[in-house]
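The sequence and structure come first, followed by the overall architecture.

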Amino acid sequence: MLKEEIGERIRRCRADRGLNQAELAEISGLSQNTISDLERDLRYPVADTLLRLAEAFHVTTDYILKGRTADNLNPKLEENVAWVMSLDSEKQEDVNKVFDVASIFMKNE
């Protein structure tokens, strides 16, 4: 049953991002056959495959495996966190400064 849920979750993540299997293959570096097999529950994703899919979808591997977001984050917030993590360290620091300022305003409400 877990395998079936994983295949459906991969298909849904791909569809939610408006990608076809060929486009996901190009983004993730996986073959289109691998993606097709995963979505049809003919193959279970190994660690490297999970990491590639998580990066392509901007989600955690835990989300792909279990449907859980990190600390129950909503998918958009999780996507934003993944985007920030993909930035170089200087840009990440700039984003942190913005969050620091925003948190000061939020605390004063």
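## Overall architecture

The protein has seven helices and zero strands, where helices (H or I, at least four residues) and strands (E, at least two) are DSSP runs numbered from the N terminus. This is a predicted model, in which local features need pLDDT of at least 70 and side-chain atom pairs count only at pLDDT 80 or more, while totals for chains, interfaces and linings use all residues. Residues are numbered from 1 along each chain as its sequence is written, and side-chain values use heavy atoms, with hydrogens and water left out.

Of the 109 residues in the protein, 30% are buried (under 20% relative accessible area, with exposed meaning over 50% and partly exposed in between, for a 1.4 Å probe and protein chains only).

Helix α2 spans residues 21-28, and its buried residues are Gln21, Leu24, Ala25 and Ser28. Because they cover an arc of only 105 degrees around the axis, they lie on the same side of α2, the arc being that of the directions from the helix axis to the C-beta atoms. The face turned away from this buried side carries the exposed residues Glu26 and Ile27.

After α2 comes Gly29, which has a positive phi, near 80 degrees.

## Packing against α4

Helix α4 (residues 47-57) packs with α2 at an angle of about 105 degrees, their axes being 9 Å apart; the two are therefore roughly perpendicular to each other (65 to 115 degrees, as against under 35 for roughly parallel, over 145 for roughly antiparallel and oblique for the rest). Axes are lines fitted to C-alpha atoms, for helices over the stretch in contact, and angles run from 0 to 180 degrees between N-to-C directions.

The contact (heavy atoms within 4.5 Å) is made by Leu24, Ile27 and Ser28 of α2 and by Arg52, Leu53, Ala56 and Phe57 of α4.
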